[in-house]
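Here are my notes on the model you sent over. Have the structure open while you read.

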Amino acid sequence: MNAIIKGVDICRQFPSGNKKIQVLNNVNVDFEEKTLTVLKGRSGSGKTTLMNILGTLDRPTSGRVFAFGEDITDLSEGKLDEIRKNNVSFVFQSVALMGTMSAYENVEFMLRIAKKPMDKERILHCLDLVGLSNRVYHMPYQLSGGEQQRVAIARAIVHRPKVIFADEPTAQLDSETSKVIMNMFHRIIEEEGVTVIMTTHDQNMMELADKVYTLDDGKIVSYVDNREGR
Ligand SMILES: Nc1ncnc2c1ncn2[C@@H]1O[C@H](COP(=O)(O)OP(=O)(O)OP(=O)(O)O)[C@@H](O)[C@H]1O
Ligand SMILES: [Mg+2]
């Protein structure tokens with residue numbers, strides 16, 4: 001198995017007054033290249049905390065994080081920044097598109113941030129991948145919620161990251177649109193070779209994932225590999 005990201009015995013505590021609360025408790029997870037894995041669990045179970053640690057935005061209190069073939073747990077902020085810039089991308093629940101930029105310009109903006117050359121063909125290709133070739137010059141206010149989320153996904157892949165972390169990307173969408181987004185992730189995995197790790201509350205999304213980890217109160221309580229029965 002080819003784990004592109006792996007968490008071993010991850011614990012995370014947060015201070016709470018003069019006590020500490022244990023938010024993640026010996027979590028072991030691994031994510032295979034070119035798969036779609038869902039982290040599921042009720043509100044407060046630790047999904048976002050885990051995702052932030054796996055995505056280099058936070059550090060575990062104890063345990064190890066392996067990514068792209070190295071142990072990144074103790075790397076300096078500078079090194080983590082470098083890894084983040086070249087390898088990972090984030091999609092959030094509330095789509096944060098730039099309101100004064102068109103769909104095209106929002107995607108282009110990511111190339112600017114990643115200091116990659118402006119590449120019109122690549123930008124149009126990414127908008128096409130998410131089914132928006134006929135909305136390229138629309139402004140965010142002219143797009144539906146699902147379309148805005150698709151622009152956010154195009155923006156997240158344009159600079160060719162290896163892993164996309166999506167925290168509840170479908171939470172504000174109806175279930176049909178959520179399915180469209182999940183199928184889009186599969187298409188992007190197939191065509192771009194990325195790995196997708198996403199969180200959701202939505203039970204209907206489970207069967208559309210390759211693997212599902214369930215978190216409860218900071219612990220992994222179940223693991224399902226849907227590909228075994230396919
Ligand atoms: N920076 C922090 N300081 C203190 N407690 C925190 C911090 N971040 C998260 N927590 C606590 O950790 C627990 C897990 O939070 P987390 O955001 O990971 O949950 P979640 O599973 O993503 O929930 P949701 O589905 O509501 O997004 C919560 O009880 C939260 O209060
Ligand atoms: Mg969360």
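1. How does Asp9 count at 37% relative accessibility: buried, partly exposed or exposed? Asp9 counts as partly exposed, where buried means under 20% relative accessible area, exposed over 50%, and partly exposed in between (1.4 Å probe, protein chains only). Asp9 sits in strand S1, and its phi is positive, near 50°, although the residue is not a glycine.

2. Some housekeeping before going on. This is a predicted model, so local features need pLDDT of at least 70 and side-chain atom pairs count only at pLDDT 80 or more, while totals for chains, interfaces and linings use all residues. Residues are numbered from 1 along each chain as its sequence is written, chains are lettered from A and ligands numbered from 1 in the order in which they are written, and side-chain values use heavy atoms, with hydrogens and water left out.

3. Now the ligand. The residues around ligand 1 (those with a heavy atom within 4 Å of it) are Phe14, Val23, Arg42, Ser43, Gly44, Ser45, Gly46, Lys47, Thr48, Thr49, Glu168 and His201. By class, that shell has two nonpolar, seven polar and three charged residues; here Ala, Val, Leu, Ile, Met, Phe, Trp, Tyr, Cys and Pro count as nonpolar, Asp, Glu, Lys and Arg as charged, and the others, Gly among them, as polar. Helix H1 (residues 47-54) supplies the largest share of the shell, three residues. Helices (H or I, at least four residues) and strands (E, at least two) are DSSP runs, numbered from the N terminus.

4. Look at the backbone next to ligand 1. A backbone N or O atom of Gly44 lies 2.8 Å from an oxygen atom of ligand 1, and for Gly46 the corresponding distance is 3.0 Å. A polar backbone atom of Ser45 is 3.2 Å from a ligand 1 oxygen. Taken alone, ligand 1 exposes 640 Å², and the protein buries 59% of that (Shrake-Rupley method, 1.4 Å probe).

5. Four strands form an open, antiparallel sheet in the order S2-S1-S4-S5. Strand S2 (19-32) and strand S5 (70-71) are at the edges with a single partner strand each, so one side of each has no neighbour in the sheet. Strand S1 (residues 3-16) is joined to S2 by 10 bridges, and Gly7 stands opposite Val29 in S2. Two strands pair if DSSP finds at least two bridges between them.

6. Strands S9 (residues 211-216) and S10 (residues 219-225) pair antiparallel over six bridges. Lys211 faces Asp225 in S10. Two residues separate the strands in this hairpin, where Asp217 takes a positive phi near 50°.

7. Where does Tyr104 belong? Tyr104 is in helix H3 (residues 103-113) and, at 10% relative accessibility, counts as buried. Beyond its neighbours within four places in sequence, Tyr104 is in contact (heavy atoms within 4.5 Å) with Lys120, Ile123, Leu124, Leu127, Val136 and Tyr137. The buried residues of H3, including Val107 and Leu111, pack against strand S6 (88-91), helix H4 (120-129) and helix H5 (145-157).

8. Two further positive phi values to check. Arg160, in the loop between H5 and strand S7 (163-167), has a phi near 60° and is exposed, with a relative accessible area of 54%.

Notes. A polar contact is a pair of N or O atoms within 3.5 Å; within protein, one must be able to donate a hydrogen and the other to accept it, and residues adjacent in sequence count only if both atoms are side-chain atoms.
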